[in-house]
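Keep the structure open while reading.

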Amino acid sequence: MLHLDHPRFTGVGRLVKNITDRVLAAIALTLLAPLLLACALMIRFGNGRGPALFRQVRVGQHRREFVIYKFRTMYTDAEDRLQDLRHLNEHDGVLFKMKNDPRVTPIGRWLRRYSIDELPQLINVLKGEMSLVGPRPPLDSEVDQYPADMHRRLVVKPGLTGLWQVSGRSDLSWEESMRLDLRYVENWSLTLDVVILLRTCTAVLRSSGAY
C-alpha cells in the first residue's frame with residue numbers, strides 16, 4: 001500500500017518566505033506607487049468609467065476566504081453581459097476566457113498584456129493573505145470541483161505569480177494549471193521561488209497567454 005501525506009510548510013524556510021514576502025511587497029508598493037496611481041486614474045476617468053479596483057472573493061490557504069484586489073479591466077456591466085457570451089468560452093473548467101472579450105476596456109487590455117492589473121495583489125501579500133509565489137488563487141466554485149488529491153494545493157498561500165504564470169498563463173487548460181500548482185506545492189523550496197520570480201519577468205515581457 002502507498003500512503004501520501006500532505007506537504008508540510010513549517011520551520012525556518014516558511015518563516016523566511018513569510019517575512020520576505022511582506023518586505024518585498026512593501027518595497028514594491030513604495031517603488032511602484034506612481035505607476036499604480038497613474039493606472040488608477042486612467043481607469044477611473046478613462047473608457048468605462050468606474051471604480052479603479054476590482055474586488056473578488058477567492059480561496060486561500062486552508063480554504064480561508066479573502067478579498068483579492070486587481071485593477072478593473074472590464075466595463076462595469078461585465079457581469080450582466082457574461083451570460084450572452086458563455087457559448088464563446090475558449091477555456092475549459094469553470095473559468096471563462098476569451099482572447100478578444102468585448103467586455104475588456106482598451107486600457108484594461110493594455111493592463112492585462114503586461115499583467116499590471118495584478119499588481120494591487122501586493123496589498124494581499126502585505127496583509128499575509130497571499131504570497132509572491134504560489135498556486136493561482138481559486139474561486140470557491142473551482143475548489144468545489146477539486147478531486148481529492150487537488151486539495152493539497154490549499155496547504156500554501158496562493159501566489160501573485162507561480163508555475164502557471166511562467167508556463168503559459170491563460171493558454172493553459174484548467175487541468176494543466178491545477179497540476180502545475182500541485183507540482184509547485186510538492187516541490188517547494190526558496191530556490192524554486194527565486195527561479196519563478198526571475199522567469200516571471202521574462203513571461204511578462206513576452207506577454208504570451210495574457211488576455
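**Pocket, helix pair and salt bridges**

Twelve nonpolar, four polar and one charged residue make up the lining of the second largest pocket. The model is predicted.

**Second largest pocket**

- The volume of the second largest pocket is about 570 Å³.
- Its lining counts 17 residues, and those closest to the pocket centre are Leu119, Leu122, Leu160, Leu197 and Thr200.
- Helix 1, strand 4 (159-161) and helix 8 (190-206) are the elements that each give two or more residues to this lining.
- Helix 8 supplies the largest share of the lining, with four residues.

**Helix 1 and helix 2**

- Helix 1 spans residues 11-31 and helix 2 spans residues 33-45.
- Their axes come within 4 Å and cross at roughly 60°.
- That angle makes helix 1 oblique to helix 2.
- On the helix 1 side, the contact involves Leu29, Thr30 and Leu31.
- On the helix 2 side, Ala33, Pro34 and Leu36 meet them.
- By class, the residues of this contact are five nonpolar, one polar and no charged.

**Salt bridges**

- Side chains of opposite charge can pair when their charged atoms come close.
- The whole structure holds eleven salt bridges.

Conventions:
Residues numbered from 1 in each chain as written. Predicted model: local features only at pLDDT ≥ 70, side-chain atom pairs only at ≥ 80, totals over all residues. Heavy atoms only, no water. Axes fitted to C-alpha atoms, helices over the stretch in contact; angles between N-to-C directions. Parallel < 35°, antiparallel > 145°, perpendicular 65-115°, else oblique. Contact = heavy atoms within 4.5 Å. Nonpolar A, V, L, I, M, F, W, Y, C, P; charged D, E, K, R; others polar. 1 Å grid on protein atoms, 1.4 Å probe; cavity = no way out; pocket = protein on both sides within 12 Å on 5 of 7 lines; lining within 4 Å. Points joined across faces, edges and corners; volume = space filled by probe spheres on them. Salt bridge = Lys/Arg side-chain N within 4 Å of Asp/Glu carboxyl O.
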